[in-house]
Each structure stands twice: as structure tokens, then as C-alpha cells.
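Please look at the sequence and the structure first.

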Amino acid sequence: FNTTVNDIIKIIKKDIADVKVEDVDSKIMNLLTYSVSSELFKKQGFNFQGSIEKGIQNTINILKNVRKS
């Protein structure tokens, strides 16, 4: 399924309630928008595991631990 930037922000806000996100009105940012199909990965036998939510939570935890050290 497709995940939007807003979906990602909502997931992040579950762990970091006071996160600040600002929209940018910039032509370059619009050029960076793209989509990725998982079909090639699946055809190669790659099996997706977990969820985007778990992946984001794991990343946040790793970054929190880095800040502590």
C-alpha cells in the first residue's frame, strides 16, 4: 500500500508528540516526490515483514539511544 508523508508524520507523532513539521513551498521539494513499486522485490522472492509503524518506532528508538551516548 502507499504511505503518504502525512501518514508518516502521524506515526512519528505517536512516539514524539511535540515533533514540529513545517510544509515547504519549494519547487525542488515537489521534484523529489516519487513512488516505488514493491513488485520487483516480490518477484525476486523478497518477503516484507513487519510494518511501517514498527520500522519507524525502531528508528526512533535507535536515534534516541544515539542521543544518549
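Q: What percentage of the 69 residues in the protein chain is buried?
A: The model is a predicted one. A residue counts as buried when its relative accessible area is under 20%. Among the 69 residues of the protein chain, the buried share is 6%.

Q: Which pattern does the protein chain follow along the sequence?
A: The predicted chain holds 4 helices and 0 strands. Read along the sequence, the pattern is α-α-α-α.

Q: Are H1 and H4 oblique or roughly parallel to each other?
A: Helix H1 covers residues 5-15 and helix H4 residues 52-68, and their axes lie 10 Å apart. The two helices pack at an angle of about 50 degrees. Angles under 35 degrees count as roughly parallel and those from 65 to 115 as roughly perpendicular. H1 and H4 are therefore oblique.

Q: Is the crossing of H1 and H4 left-handed or right-handed?
A: Two packed helices are described by the angle between their axes and the distance between the axes. For H1 and H4 these are about 50 degrees and 10 Å. The handedness with which H1 passes H4 is right-handed.

Q: How many residues of the contact of H1 with H4 are nonpolar?
A: From H1, the contact takes in Ile8, Ile11, Ile12 and Asp15. From H4, Ile52, Glu53, Ile56, Gln57, Ile60 and Lys64 take part. The residues of this contact include 1 polar and 3 charged, and the nonpolar ones number 6.

Q: Which residues does Asp15 touch, not counting residues up to four places away in sequence?
A: Asp15 is placed in helix H1. With 33% relative accessibility, Asp15 counts as partly exposed. Its C-alpha atom is separated by 7.8 Å from that of Ile60, 45 residues apart along the chain. Leaving out residues up to four places away in sequence, Asp15 touches Gln57, Ile60 and Lys64.

Q: Which residue forms a salt bridge with Lys42?
A: Side chains of opposite charge can pair when their charged atoms come close. The count of salt bridges comes to 1. In it, the closest N and O atoms are 4.0 Å apart, and the partner of Lys42 is Glu39.

Q: By about how many helical turns are Lys42 and Glu39 separated?
A: Lys42 counts as partly exposed at 45% relative accessibility, and Glu39 counts as partly exposed at 42%. Both belong to helix H3, residues 39-43, where they are 3 residues apart. The separation is therefore about one helical turn.

Q: Which residues does Phe41 touch, not counting residues up to four places away in sequence?
A: Phe41 lies in helix H3. Its relative accessible area is 45%, so Phe41 is partly exposed. With residues up to four places away in sequence not counted, Phe41 touches Phe46 and Phe48.

Key: Residues are numbered from 1 along each chain as its sequence is written. This is a predicted model: local features need pLDDT of at least 70, side-chain atom pairs count only at pLDDT 80 or more; totals for chains, interfaces and linings use all residues. Side-chain values use heavy atoms; hydrogens and water are left out. Axes are lines fitted to C-alpha atoms, for helices over the stretch in contact, and angles run from 0 to 180 degrees between N-to-C directions. Angles under 35 degrees count as roughly parallel, over 145 as roughly antiparallel, 65 to 115 as roughly perpendicular and the rest as oblique. A crossing is left-handed if the near helix is turned anticlockwise from the far one by less than a right angle, and right-handed if clockwise. Contact means heavy atoms within 4.5 Å. Ala, Val, Leu, Ile, Met, Phe, Trp, Tyr, Cys and Pro count as nonpolar, Asp, Glu, Lys and Arg as charged, and the others, Gly among them, as polar. A salt bridge is a side-chain nitrogen of Lys or Arg within 4 Å of a carboxyl oxygen of Asp or Glu. Buried means under 20% relative accessible area, exposed over 50%, partly exposed in between (1.4 Å probe, protein chains only).
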